[in-house]
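Please look at the sequence and structure below before reading on.

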Amino acid sequence: MGLFEMEQVKILSTLASSFGMRVLIGLEEKGLKYEYQEEDLLTKKSDLLLQLNPVHKKLPVFIHNGQPICESLIILQYTDETWDSKQLLPSKPYDRALARFWADFIDKKFFDSALRIVLSKDEDQEQAKREMLESLKALEGALNEMSGGGSLPFFNGKDFGFLDIAFIPFASWFHTFESMGNFKLPFESEYPLLDAWVKRCMERESVKKALPSPDRVLEYALQLRKKYLVN
Ligand code: GS8
(Lines give C-alpha, C1' and ligand atoms only; values in the text may rest on other atoms or scores of the structure.)
Protein backbone atom coordinates (compact mmCIF):
# COMPACT_ATOMS: atom_id res chain seq x y z
CA MET A 1 0.00 0.00 0.00
CA GLY A 2 1.38 3.42 -0.94
CA LEU A 3 1.69 6.20 1.59
CA PHE A 4 -1.28 8.13 0.22
CA GLU A 5 -3.65 5.19 0.45
CA MET A 6 -3.07 4.97 4.19
CA GLU A 7 -4.37 8.49 4.66
CA GLN A 8 -8.06 9.02 5.14
CA VAL A 9 -9.34 11.99 3.23
CA LYS A 10 -13.00 12.88 3.09
CA ILE A 11 -14.83 15.89 1.71
CA LEU A 12 -18.28 17.19 2.51
CA SER A 13 -19.52 19.45 -0.21
CA THR A 14 -22.30 20.09 -2.63
CA LEU A 15 -22.05 19.67 -6.37
CA ALA A 16 -22.50 23.29 -7.43
CA SER A 17 -20.27 24.83 -4.75
CA SER A 18 -17.36 26.67 -6.34
CA PHE A 19 -15.54 26.42 -3.02
CA GLY A 20 -16.01 22.68 -2.95
CA MET A 21 -14.83 22.43 -6.57
CA ARG A 22 -11.57 24.11 -5.53
CA VAL A 23 -10.85 21.34 -3.09
CA LEU A 24 -11.75 18.60 -5.56
CA ILE A 25 -9.49 20.12 -8.22
CA GLY A 26 -6.63 20.50 -5.74
CA LEU A 27 -6.85 16.88 -4.60
CA GLU A 28 -7.05 15.63 -8.16
CA GLU A 29 -4.00 17.67 -9.15
CA LYS A 30 -2.13 16.18 -6.21
CA GLY A 31 -3.26 12.69 -7.12
CA LEU A 32 -4.89 12.05 -3.75
CA LYS A 33 -7.68 9.58 -3.23
CA TYR A 34 -10.66 10.78 -1.26
CA GLU A 35 -14.17 9.97 -0.23
CA TYR A 36 -16.85 12.45 -1.27
CA GLN A 37 -20.05 13.09 0.63
CA GLU A 38 -22.76 15.19 -1.00
CA GLU A 39 -24.64 17.51 1.36
CA ASP A 40 -28.00 19.09 0.70
CA LEU A 41 -28.00 22.73 1.71
CA LEU A 42 -31.40 23.38 0.19
CA THR A 43 -33.25 21.24 2.67
CA LYS A 44 -31.19 20.75 5.83
CA LYS A 45 -27.60 21.02 7.00
CA SER A 46 -26.48 17.64 8.28
CA ASP A 47 -25.50 17.06 11.90
CA LEU A 48 -22.07 16.10 10.63
CA LEU A 49 -21.63 19.47 8.91
CA LEU A 50 -22.79 21.38 12.02
CA GLN A 51 -20.48 19.32 14.19
CA LEU A 52 -17.43 19.70 11.94
CA ASN A 53 -17.86 23.36 11.02
CA PRO A 54 -19.70 24.83 14.02
CA VAL A 55 -18.31 28.32 13.43
CA HIS A 56 -19.41 29.02 9.85
CA LYS A 57 -21.64 25.98 9.24
CA LYS A 58 -20.52 26.04 5.59
CA LEU A 59 -19.25 23.68 2.97
CA PRO A 60 -16.76 22.43 2.01
CA VAL A 61 -15.33 20.59 4.99
CA PHE A 62 -12.17 18.60 4.50
CA ILE A 63 -11.47 15.77 6.93
CA HIS A 64 -7.97 14.35 7.20
CA ASN A 65 -7.57 11.33 9.44
CA GLY A 66 -10.59 12.49 11.45
CA GLN A 67 -9.53 16.14 11.77
CA PRO A 68 -11.79 18.71 10.10
CA ILE A 69 -10.41 21.69 8.20
CA CYS A 70 -12.69 24.42 6.86
CA GLU A 71 -12.45 27.24 4.31
CA SER A 72 -11.49 26.24 0.80
CA LEU A 73 -8.34 28.35 0.46
CA ILE A 74 -7.09 27.19 3.84
CA ILE A 75 -7.77 23.61 2.81
CA LEU A 76 -5.76 24.05 -0.41
CA GLN A 77 -2.86 25.48 1.58
CA TYR A 78 -3.11 22.65 4.10
CA THR A 79 -2.90 20.07 1.32
CA ASP A 80 0.20 21.83 0.00
CA GLU A 81 1.81 21.67 3.43
CA THR A 82 0.83 18.04 3.93
CA TRP A 83 1.50 16.44 0.54
CA ASP A 84 4.23 17.61 -1.78
CA SER A 85 3.17 15.54 -4.79
CA LYS A 86 2.53 18.76 -6.70
CA GLN A 87 2.86 22.18 -5.13
CA LEU A 88 -0.14 24.38 -5.82
CA LEU A 89 1.28 27.63 -4.48
CA PRO A 90 4.21 29.18 -6.35
CA SER A 91 7.63 28.74 -4.78
CA LYS A 92 8.73 32.39 -4.41
CA PRO A 93 7.33 34.29 -1.41
CA TYR A 94 6.35 37.30 -3.53
CA ASP A 95 4.48 35.12 -6.03
CA ARG A 96 2.76 33.32 -3.17
CA ALA A 97 1.67 36.63 -1.69
CA LEU A 98 0.28 37.73 -5.08
CA ALA A 99 -1.60 34.47 -5.53
CA ARG A 100 -3.10 34.79 -2.05
CA PHE A 101 -3.97 38.46 -2.61
CA TRP A 102 -5.96 37.70 -5.75
CA ALA A 103 -7.62 34.63 -4.27
CA ASP A 104 -8.75 36.86 -1.41
CA PHE A 105 -10.00 39.42 -3.96
CA ILE A 106 -12.06 36.70 -5.63
CA ASP A 107 -13.65 35.75 -2.32
CA LYS A 108 -14.31 39.29 -1.16
CA LYS A 109 -15.14 41.20 -4.33
CA PHE A 110 -16.00 38.81 -7.13
CA PHE A 111 -18.00 36.40 -4.98
CA ASP A 112 -19.90 39.21 -3.29
CA SER A 113 -21.16 40.47 -6.65
CA ALA A 114 -21.90 36.90 -7.77
CA LEU A 115 -24.06 36.25 -4.74
CA ARG A 116 -26.01 39.46 -5.27
CA ILE A 117 -26.64 38.67 -8.93
CA VAL A 118 -28.16 35.36 -7.86
CA LEU A 119 -30.03 36.49 -4.75
CA SER A 120 -31.12 40.06 -5.31
CA LYS A 121 -33.11 42.09 -7.81
CA ASP A 122 -33.65 45.59 -9.18
CA GLU A 123 -31.02 48.21 -8.34
CA ASP A 124 -29.01 45.96 -6.03
CA GLN A 125 -28.73 43.39 -8.80
CA GLU A 126 -27.83 46.06 -11.37
CA GLN A 127 -25.10 47.34 -9.07
CA ALA A 128 -23.83 43.78 -8.55
CA LYS A 129 -23.60 43.31 -12.33
CA ARG A 130 -21.50 46.48 -12.68
CA GLU A 131 -19.27 45.30 -9.84
CA MET A 132 -18.77 41.91 -11.43
CA LEU A 133 -17.63 43.54 -14.68
CA GLU A 134 -15.15 45.66 -12.70
CA SER A 135 -13.84 42.62 -10.81
CA LEU A 136 -13.34 40.74 -14.07
CA LYS A 137 -11.44 43.71 -15.47
CA ALA A 138 -9.16 43.69 -12.44
CA LEU A 139 -8.62 39.94 -12.82
CA GLU A 140 -7.84 40.38 -16.53
CA GLY A 141 -5.16 42.92 -15.48
CA ALA A 142 -3.76 40.53 -12.88
CA LEU A 143 -3.62 37.70 -15.42
CA ASN A 144 -1.90 40.01 -17.89
CA GLU A 145 0.83 40.82 -15.36
CA MET A 146 1.25 37.35 -13.93
CA SER A 147 1.31 35.58 -17.28
CA GLY A 148 3.64 38.04 -19.00
CA GLY A 149 0.94 39.45 -21.26
CA GLY A 150 -0.48 36.01 -21.99
CA SER A 151 2.78 34.39 -23.04
CA LEU A 152 2.52 31.99 -20.09
CA PRO A 153 -0.63 29.88 -19.78
CA PHE A 154 -1.70 30.30 -16.16
CA PHE A 155 -2.05 32.84 -13.38
CA ASN A 156 1.09 31.72 -11.64
CA GLY A 157 2.99 31.41 -14.91
CA LYS A 158 3.71 28.11 -16.56
CA ASP A 159 2.06 25.80 -14.03
CA PHE A 160 -1.62 25.45 -13.19
CA GLY A 161 -1.84 26.26 -9.48
CA PHE A 162 -3.47 27.89 -6.47
CA LEU A 163 -4.94 30.98 -8.08
CA ASP A 164 -6.14 29.11 -11.15
CA ILE A 165 -7.87 26.68 -8.81
CA ALA A 166 -9.35 29.53 -6.78
CA PHE A 167 -11.06 31.08 -9.80
CA ILE A 168 -11.80 28.42 -12.41
CA PRO A 169 -14.80 26.89 -10.55
CA PHE A 170 -16.73 30.11 -11.16
CA ALA A 171 -16.58 29.41 -14.89
CA SER A 172 -19.33 26.84 -14.28
CA TRP A 173 -21.43 29.74 -12.92
CA PHE A 174 -20.89 32.28 -15.74
CA HIS A 175 -23.96 31.01 -17.60
CA THR A 176 -26.01 31.36 -14.40
CA PHE A 177 -24.84 34.95 -13.80
CA GLU A 178 -25.72 35.84 -17.40
CA SER A 179 -29.06 34.16 -17.26
CA MET A 180 -30.13 35.53 -13.88
CA GLY A 181 -28.69 38.98 -14.48
CA ASN A 182 -30.07 39.02 -18.02
CA PHE A 183 -26.76 40.31 -19.39
CA LYS A 184 -23.70 39.09 -21.24
CA LEU A 185 -20.23 38.82 -19.75
CA PRO A 186 -18.05 40.31 -22.51
CA PHE A 187 -15.18 37.85 -22.30
CA GLU A 188 -14.12 37.93 -25.95
CA SER A 189 -14.10 41.70 -26.32
CA GLU A 190 -13.11 42.85 -22.83
CA TYR A 191 -11.28 40.00 -21.16
CA PRO A 192 -9.50 38.09 -23.95
CA LEU A 193 -6.80 36.69 -21.68
CA LEU A 194 -9.35 35.36 -19.20
CA ASP A 195 -11.36 33.96 -22.09
CA ALA A 196 -8.38 31.96 -23.38
CA TRP A 197 -7.39 30.99 -19.84
CA VAL A 198 -10.86 29.55 -19.08
CA LYS A 199 -10.73 27.43 -22.24
CA ARG A 200 -7.23 26.21 -21.36
CA CYS A 201 -8.20 25.28 -17.80
CA MET A 202 -11.31 23.47 -19.03
CA GLU A 203 -9.08 21.04 -20.90
CA ARG A 204 -7.53 19.77 -17.69
CA GLU A 205 -8.81 16.47 -16.34
CA SER A 206 -8.97 17.78 -12.77
CA VAL A 207 -11.18 20.68 -13.85
CA LYS A 208 -13.39 18.61 -16.17
CA LYS A 209 -13.99 16.18 -13.36
CA ALA A 210 -14.88 18.76 -10.71
CA LEU A 211 -17.03 21.24 -12.63
CA PRO A 212 -20.72 20.45 -13.10
CA SER A 213 -22.44 21.48 -16.33
CA PRO A 214 -23.65 25.11 -16.56
CA ASP A 215 -27.23 23.81 -16.80
CA ARG A 216 -26.93 21.89 -13.56
CA VAL A 217 -25.56 24.97 -11.83
CA LEU A 218 -28.40 27.13 -13.16
CA GLU A 219 -30.94 24.63 -11.92
CA TYR A 220 -29.36 24.74 -8.46
CA ALA A 221 -29.11 28.54 -8.48
CA LEU A 222 -32.80 28.86 -9.36
CA GLN A 223 -33.65 26.78 -6.31
CA LEU A 224 -31.35 28.92 -4.17
CA ARG A 225 -33.02 32.07 -5.48
CA LYS A 226 -36.45 30.69 -4.73
CA LYS A 227 -35.38 29.97 -1.19
CA TYR A 228 -33.28 33.03 -0.37
CA LEU A 229 -34.29 35.91 -2.67
CA VAL A 230 -33.74 39.10 -0.67
CA ASN A 231 -36.80 41.31 -1.03
C1 GS8 B 1 -17.14 29.92 1.65
C2 GS8 B 1 -17.97 28.67 1.75
C3 GS8 B 1 -19.42 28.86 1.34
O4 GS8 B 1 -19.91 29.97 1.11
C5 GS8 B 1 -14.87 28.83 1.68
O6 GS8 B 1 -14.94 27.62 1.91
O7 GS8 B 1 -13.99 29.30 0.95
N8 GS8 B 1 -15.23 31.10 2.43
C9 GS8 B 1 -15.82 29.79 2.37
N10 GS8 B 1 -20.16 27.72 1.27
C11 GS8 B 1 -21.56 27.72 0.96
C12 GS8 B 1 -21.84 26.74 -0.14
S13 GS8 B 1 -21.13 27.22 -1.65
O14 GS8 B 1 -21.79 28.62 -2.03
C15 GS8 B 1 -22.33 27.26 2.17
O16 GS8 B 1 -21.99 26.27 2.77
N17 GS8 B 1 -23.38 27.99 2.52
C18 GS8 B 1 -24.23 27.66 3.60
C19 GS8 B 1 -24.65 28.88 4.35
O20 GS8 B 1 -24.26 29.98 3.95
O21 GS8 B 1 -25.34 28.75 5.35
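## Cysteines

A disulfide is a pair of cysteine sulfur atoms within 2.5 Å. By this rule the model has zero disulfides.

Buried means under 20% relative accessible area, with a 1.4 Å probe and protein chains only. Cys-70 counts as buried because its relative accessibility is 17%. Cys-201 is buried as well, with a relative accessible area of 0%.

## Basis of the model

The model is predicted: local features need pLDDT of at least 70 and side-chain atom pairs pLDDT 80 or more, while totals for chains, interfaces and linings use all residues. Residues are numbered from 1 along each chain as its sequence is written, and side-chain values use heavy atoms, without hydrogens and water.

## Around the ligand

## Polar contacts and cover

A polar contact is a pair of N or O atoms within 3.5 Å. The side chain of Lys-45 has an N or O atom 2.4 Å from a ligand oxygen atom. For the side chain of Ser-72, the distance from such an atom to a ligand oxygen atom is 2.7 Å. Leu-59 places a backbone N or O atom 2.7 Å from an oxygen atom of the ligand.

Key
Polar contact = N/O pair within 3.5 Å; in protein donor to acceptor, adjacent residues only side chain to side chain. Buried < 20%, exposed > 50% of the residue type's maximum accessible area, 1.4 Å probe, protein only.
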